[in-house]
Amino acid sequence: MTTPIYSPAQTDPARYDTTTIVLHWLTAALVLGLFALAEIWGVLPRGTPTRRLLQSLHISFGLAFAAVFVLRVVWRLSAGRRLPPAGAGWVRVAGAGVHGLLYLLMAAQIILGFLFRWAQGEPFAFFGLFDVPTLIPIAHEQRRFIGGLHDTVAWSIVVLALVHAAAGLFHHYFLRDGVLRRMLARR
């Protein structure tokens, strides 16, 4: 007998708590915004004021992303509402795998962002309010390697996030099991 993709028990329209929902969508917005900033400045000539501004915004929003990510992990492990898995069998395994991999990649991206900036040997500030000190000295020669990893992980996160979003839309429009509504604010 095969395991059904979903069962009526998983069609409960219960939603995640407001904090979990806000942190989820804030994470999504920051990931997409950070990616867009990097892609846009990548086509601008080096040394231009606009490119420097976009890089400065990327750094500041990257620091905000790090803070949101830490809050999200702490919230998820402590007080966040837990709902039943979004499916059974391979759907459940795939969903848990994608979530776990997204968390792992986001954590790696934050670490790589710090290491990359420290390897560049330049201070970085949070919206000009305060500088982030260099906690770990990184050889300047490592910046290209770390930067390449940072770029690869960014693309991996975006592709995996698109798969995650497509799965949410598949649940909503084809399976009609209420999974997407669990992460949407109440109307």
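**View 1. Phe65 and Phe69 are both buried in this predicted model.** The two residues sit in helix H2, which covers residues 49-78, and they are 4 residues apart, about one turn of the helix.

View 2. The structure holds 9 aromatic pairs. Because Phe35 belongs to helix H1 (residues 18-42) and Trp155 to helix H4 (residues 143-175), the pair ties together parts that are 120 residues apart in sequence. Phe35, with a relative accessibility of 16%, counts as buried, whereas Trp155, with 41%, counts as partly exposed.

**View 3. Phe127 belongs to an aromatic cluster and has a positive phi.** The cluster is formed by Phe61, Phe126, Phe127 and Phe130. Phe127 is placed in the loop between strand E1 (124-125) and strand E2 (131-132), and its phi is near 50 degrees, a positive value in a residue other than glycine. With a relative accessibility of 38%, Phe127 counts as partly exposed.

**View 4. Arg176 lies in the segment after H4.** Although Arg176 is not a glycine, it has a positive phi of about 50 degrees. The relative accessible area of Arg176 is 63%, and the residue is therefore exposed.

Definitions and conventions. Residues are numbered from 1 along each chain as its sequence is written. This is a predicted model: local features need pLDDT of at least 70, side-chain atom pairs count only at pLDDT 80 or more; totals for chains, interfaces and linings use all residues. Side-chain values use heavy atoms; hydrogens and water are left out. Rings of Phe, Tyr and Trp (its six-membered ring) pair if their centres lie within 6.5 Å; planes under 30 degrees apart count as stacked, over 60 as edge-to-face and the rest as tilted. Buried means under 20% relative accessible area, exposed over 50%, partly exposed in between (1.4 Å probe, protein chains only).
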